Amino acid sequence: TEIYTLSLHDALPISALRTLLTVPNSVSKPIGPITVHGLLAAELALDASLARAPWRAVLPTSDDFRETMPLLWDPALQALLPAASMSLFHNQKRKLSADWAAVRAAFPNLSHDVYVYNWCIVNTRTFYFTSPKIKPQSPVNRDDFIALNPFADYFNHRDLETASSSFSPSGYVITASQPIEQGDEIYISYGSHSND
């Protein structure tokens, strides 16, 4: 099988990732201790820069999230979730609540709906990321080693992937496991996560 490789390092330098290290002090300092997820969501919610407008233009809408994320469903529908999904739902709800409390205290004029939308963006579009410049907290929370990777976030999940992603200090590499024809959807695996 011929392998096609697309190196995102060439198309998107590490410096283009949105990470804990790229959040401006004007956002992080007023908030104080918070998850990286919550901090990235705050930065997105407060960012109106024109440079990132093309990326924002192709992100899912609030309606997309309301239709697909149990976190945003009516409580009557949430109550129908199976046990495994219910556990994930309660964990997400707890994380979002704690993150919103920290952000709301620092930025009281920020809309709850805008923050939740951006929290969902981070929740659905981050990749594993580490850097020698990021000092892990004790105990280490693996969930905090994340980054937004504008471009690679377009790949959808499927257990039977057509491409795999890998990360190294030099960048992200997406490697196709089979020939990809123009117009074909490319799938990667998000790891050992069920569809729940």
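**Figure 1. R18 in its buried setting.** R18 is buried, its relative accessible area being 1%, where buried stands for under 20% relative accessible area, exposed for over 50% and partly exposed for the range in between, as computed with a 1.4 Å probe and protein chains only. The model is a predicted one, in which local features need pLDDT of at least 70 and side-chain atom pairs count only at pLDDT 80 or more, while totals for chains, interfaces and linings use all residues. Residues are numbered from 1 along each chain as its sequence is written, and side-chain values use heavy atoms, with hydrogens and water left out. R18 is found in the loop between α1 (8–11) and α2 (25–31); helices (H or I, at least four residues) and strands (E, at least two) are DSSP runs, numbered from the N terminus. The side chains of R18 and E43 are joined by a polar contact of 3.3 Å, a term that denotes a pair of N or O atoms within 3.5 Å, of which, within protein, one must be able to donate a hydrogen and the other to accept it, residues adjacent in sequence counting only if both atoms are side-chain atoms. Residues up to four places away in sequence aside, R18 touches L40, E43, L44, D47, R52, W55, A147 and L148, contact being defined by heavy atoms within 4.5 Å.

**Figure 2. Helix α3 and its cover.** Helix α3 (residues 36–46) is largely enclosed by the rest of the structure, because 10 of its 11 residues are buried. These buried residues are V36, H37, G38, L39, L40, A41, A42, E43, L44 and A45. Their cover includes α2, α4 (53–57), α7 (83–106), α8 (112–125) and β3 (146–148). P24, placed in the loop between α1 and α2, counts as partly exposed at 35% relative accessibility. The C-alpha atoms of P24 and E43 are separated by 7.9 Å, although these residues are 19 residues apart along the chain.

**Figure 3. Helix α7 and the side chain of Q92.** With 24 residues, α7 reaches 35 Å from its first C-alpha to its last, close to the 34 Å expected at 1.5 Å a residue, the expected span being 1.5 Å times one less than the number of residues in the helix. The buried residues in α7 are S85, M86, F89, Q92, L96, D99, W100, A102 and V103, and they pack against α2, α3, α6 (75–78) and α8. The side chains of Q92 and N123 are joined by a polar contact of 3.3 Å. Apart from residues up to four places away in sequence, Q92 touches M69, L71, W119 and N123.

Figure 4. Buried residues in α8 are Y115, V116, Y117, N118, W119, C120, I121, V122 and R125, and they pack against α3, α4, α5 (62–68), α7, β2 (126–128) and β3.

**Figure 5. The aromatic pair of W100 and Y115.** The structure holds two aromatic pairs, a pair being rings of Phe, Tyr and Trp (its six-membered ring) whose centres lie within 6.5 Å, with planes under 30 degrees apart counted as stacked, over 60 as edge-to-face and the rest as tilted. One of them, formed by W100 and Y115, is tilted, with 5.4 Å centre to centre and 35° between the planes. This pair links distant parts of the chain, W100 lying in helix α7 and Y115 in helix α8, 15 residues apart. W100 counts as buried at 10% relative accessibility, and Y115 counts as buried at 0%.

**Figure 6. The largest nonpolar core, around V103.** This core has 34 residues, and those with the most contacts inside it are I31, I34, V103, L110, Y115, I121 and V122. The elements that give two or more residues to this core are α2, α3, α7, α8 and β3. A nonpolar core is a set of buried Ala, Val, Leu, Ile, Met, Phe, Trp, Tyr and Cys residues joined through side-chain atoms within 4.5 Å. Leaving aside neighbours within four places in sequence, V103 is in contact with I31, I34, G38, A42, L110 and Y115. Of the 196 residues of the chain, 37% count as buried.
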